[in-house]
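Trainee: I'd like to go through this structure with you, one question at a time. Shall we open it up?

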Amino acid sequence: MRAQTGSGNPIMIIPLLAILAWLDIQSNQGRTVAMLGGLYRSALAIDLWPIAKQLIVVAIAGAFAVVAFKLARQSASVKAFQVAKVAGHKITRMPSTMPRRLTATVADVLSVRGGVDANGLPLFWLDGKASTVTPLAWTLAVDYANGVEPDKLSRFVPDIENRLYGAGYDVQVRVKDRPLALEIDNPQPPLFALRDWWKGIQAMPQNERLCAPAVEPTAKGMQLVSLPLRNMGAATFVVGMPGAGKTQFILSSVLSLCMANSPQRMSLIVADVKAADTMPLSGLPHMACPVVTDIEQIATMLDALCAEMEQRSLRSAAGDRTWLQHSICVVVDEVAELVLGGKHGDSIANTLQRLTQRGRGLGIILIMATQRVYDVPAKVYTKIDRRCVFRVASASDSVAASGSEGTRCNKLPKRGALEIFSAGDPTAQRAQGLFVADAESPDYESVLSGFIDDIKARWGCMAPGWHYAPVPKAEAPTQVPGDAVVEPGKVHALAAKFGNEFVHPLVDLGDEGNLSAKAVEKTYQQM
Ligand SMILES: Nc1ncnc2c1ncn2[C@@H]1O[C@H](COP(=O)(O)OP(=O)(O)OP(=O)(O)O)[C@@H](O)[C@H]1O
Ligand SMILES: [Mg+2]
């Protein structure tokens, strides 16, 4: 059966016109109807043929102008093809799905910058047959004459980028070796949703500490990027300007990690001072405690994690390596908010540094995200081997974030495009983060609950193998009249009596010199 289309029946216009005419006769003595009738009679009297002839001439001239404009735009690439054809090189047309203006611009720069040999023949040219298109990038294969140094191609890159910028493409051009090619990002990559890749994530090997937060192009199409969060990859540093896609990446990392690893084998801690997008993660069965949003609580929790790390180290020295069965994953969004000044800034930076330095061998997984790398002290991230860099503000930000010279993540598209840099691997991996849900959309929580329910369904009611009980926030002790004030430096006596975990947060809360022994005891008893 054919579906009915269209927005209404044109016949309906007749009664409508009749009503309008009647209204005009009633209120306007029918002047409008009379005027329309006069206009209609004058139009019939005009000889339309000369006007139609003029319109036809204008249309033909316009069509010629459009064709001429298109030919002019293609001339650069055509010129490059012709030059190369003269040289007897095998030239093939570029794939039709590549933007013509883009290939023409690159071909032009190659023919100008690449130079010619003694016979005036080009040294570099584009090879359309070997060029490929993926949803993320266009790969323009480059061929070159015998005896030419292919490394020379990278010297043309700034020129190609500048010319492409002029042609409307603010993109990064990467040189690929073997076979020689120029890879150019599609400035508007399609959206890849976690929901569409969830089945693939469910089929991933279990308890291998794998997560799959992104997809990448391969010869067979797009595939999941599966990141092993162990050994050199135990810590991941995520950097990108506001809105680049870091939090979505963190969400897909955590959800895929929890789907592929049982709570018995991996516990999770999430620290997020923004207390917004990651809050629904508290419902995961892997959580060692609900999402921690208070800086003080985060500092205490990281200290407890360091204590666990030390414990593991001691147990290991005594020959007990059973802890290897259980990893603890710490996720910190907006890490700069924690380490930028403040009372706890330095101590949190030191703790994170210790975790990145020693955690790898002791089952600690760390995922940290920041908008600007310069806001985080270098000691916190220099030991991190995996960097996931989204679009950043400048080329120098890109180099600092990736830890590699010559990177230009400032040219990446926004909204989920990233490059993955792993220590020891000179080539960056271009990937696209999986989109989970827009935090501002009204169904955000229910979308996340859907994923969390699937995770719960897989792991049942398993409890996390490592549990953390947040220390209740102590109220500042009130000075009791006549009570002896504890002298600075004497805090250790209180700590010996009431325990470090209780006394040190109080010291942090107030001035050490005003901490009275009685007030501490009173607060201790009230708890
Ligand atoms: N992988 C993606 N695919 C498509 N769109 C995305 C993707 N990641 C993020 N976006 C879009 O960009 C918006 C911002 O993403 P996100 O909150 O992850 O950015 P952010 O880097 O964490 O920003 P901020 O630093 O301000 O927290 C999302 O709401 C979404 O619309
Ligand atoms: Mg964010």
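Trainee: How far is an oxygen atom of ligand 1 from an N or O atom in the side chain of threonine 247?
Mentor: Keep in mind that this is a predicted model, so the distance is a computed one. Thr247 is among the residues that come nearest to ligand 1. From the threonine 247 side chain, an N or O atom to an oxygen atom of the ligand, the separation is 2.7 Å.

Trainee: How much of ligand 1 does the protein bury?
Mentor: Start from the ligand taken alone, which exposes 630 Å². Around ligand 1 there are 18 residues, including Gly243, Lys246 and Gln371. The share of the ligand's area that the protein buries is 86%.

Trainee: Which helix gives the most residues to the shell around ligand 1?
Mentor: The shell divides into 6 nonpolar, 7 polar and 5 charged residues. The top contributor supplies 3 residues and spans 246-260. That is helix α7.

Trainee: Now the sheet: why do β7 and β9 each have one side without a neighbour?
Mentor: The open sheet has 9 strands in the order β7-β6-β14-β13-β12-β8-β11-β10-β9, with mixed pairing. β7 (221-228) and β9 (266-272) each have a single partner strand, so one side of each is left without a neighbour, because both stand at the edges.

Trainee: In which sense do β13 and β14 pair?
Mentor: In general, strands of a sheet pair through backbone hydrogen bonds, either parallel or antiparallel. Glutamate 419 stands opposite arginine 430 in β14. Strand β13 (residues 417-422) and strand β14 (residues 429-433) pair over 4 bridges, and the sense is antiparallel.

Trainee: What angle does helix α12 make with β12?
Mentor: Helix α12 (residues 395-402) packs on the sheet, where it touches β8, β12 and β13. Helix α6 also packs on the sheet, touching β6 and β7, and its direction makes about 55° with that of β7. For α12 and β12, the angle between directions is about 150°.

Definitions and conventions
Residues numbered from 1 in each chain as written. Chains lettered and ligands numbered in written order. Predicted model: local features only at pLDDT ≥ 70, side-chain atom pairs only at ≥ 80, totals over all residues. Heavy atoms only, no water. Pairing = 2+ DSSP bridges. Helix = DSSP H or I, 4+ residues; strand = E, 2+ residues; numbered from the N terminus. Contact = heavy atoms within 4.5 Å. Axes fitted to C-alpha atoms, helices over the stretch in contact; angles between N-to-C directions. Near = heavy atom within 4 Å. Polar contact = N/O pair within 3.5 Å; in protein donor to acceptor, adjacent residues only side chain to side chain. Areas by Shrake-Rupley, 256 points an atom, 1.4 Å probe, with all protein chains shown as cover. Nonpolar A, V, L, I, M, F, W, Y, C, P; charged D, E, K, R; others polar.
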